[in-house]
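Have a look at the model first, then read on.

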Amino acid sequence: MSFELIVLTGLATGLFGSLHCVGMCGPIALSLSNTGQNIATSLLYNFGRAISYSFMGLFFGFIGNHFALAGLQQLLSILAGSLILIIFLFHYFIDGKPWWISRWYKTVQNALSELISKPKTSWFPFELGILNAWLPCGLVYLALMTAMASGSPWSGAGLMFFFGLGTIPLMFVLMLFGQKLHLKYRMHIQKMIPVFIIAVALLLILRGLNLGIPYLSPKAGFGESCH
């Protein structure tokens, strides 16, 4: 995956994903908006999230690299798209969470509670961002599947870093003006998320099907990876 595509994919996924972040991470962001140093606080908090996302992307890109080295890049793309659809169906149509997600959520929540209970330092927003990024989130799963499909650890890390940067504009606005954002409008933008998730999943599947469609499903020769 080219650097330009990594940047574009990461930023676009983060920008659309931040619509979801407003609803899921909004309360934490709003709790930081009363510190009196909104700009610095927002930058530290969101940069912390981007750092954590980068480490996640490095790991999933490492997994994807093994598929690429085995000449299974197309299969990986189809697998990633299919997993996104499964996660989407589970999240929106099946009640409850698997036990391991619930356990992980509780572990991160406990770490957040412990951090919040400690005396605050100037690095508190950064530390909070690092921890908050590890909360289970469907949009992060979406970005991670895309990072895995990138086929290399550094591509995965870069994509997730730019994913984190892409979430900053809307989260920044929320932290500065969040109290003025009516809940009704936040609910409206949440409805756009399912369409975006399905579109990305189908795009990954199309890329893996090797249909010879420029940009959407480029033709890859035998032994070549579809970048």
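What follows covers a helix, the cores and a loop residue. Bear in mind that this is a predicted model.

Let's start with α8, which runs over residues 153-166. From first C-alpha to last, its 14 residues reach 20 Å, close to the 20 Å expected at 1.5 Å a residue. Is α8 enclosed or open? Eleven of its 14 residues are buried, so α8 is largely enclosed by the rest of the structure. Among the buried ones are Pro153, Met160, Phe162 and Phe163, along with the glycines Gly156, Gly158, Gly164 and Gly166.

Met160 also turns up in the largest nonpolar core, a set of 27 residues, as one of those with the most contacts inside it. Others on that list include Tyr53, Ile84, Leu139 and Leu142.

The biggest giver is α7, with nine residues. Take Leu142: leaving aside neighbours within four places in sequence, it is in contact with Thr13, Ile84, Phe196, Ile197 and Val200. Apart from this core lies another, of eight residues, including Tyr45, Leu112, Leu115 and Leu128.

Finally, back to α8 and the loop between it and α9 (168-177), where Thr167 sits. Is Thr167 buried or exposed? Its relative accessibility is 0%, so Thr167 counts as buried. A polar atom of the Thr167 side chain lies 2.7 Å from the backbone oxygen of Gly164, a residue of α8 that is itself buried.

Conventions:
Residues numbered from 1 in each chain as written. Predicted model: local features only at pLDDT ≥ 70, side-chain atom pairs only at ≥ 80, totals over all residues. Heavy atoms only, no water. Helix = DSSP H or I, 4+ residues; strand = E, 2+ residues; numbered from the N terminus. Expected span 1.5 Å × (residues − 1). Buried < 20%, exposed > 50% of the residue type's maximum accessible area, 1.4 Å probe, protein only. Core = buried A, V, L, I, M, F, W, Y, C linked by side-chain atoms within 4.5 Å. Contact = heavy atoms within 4.5 Å. Polar contact = N/O pair within 3.5 Å; in protein donor to acceptor, adjacent residues only side chain to side chain.
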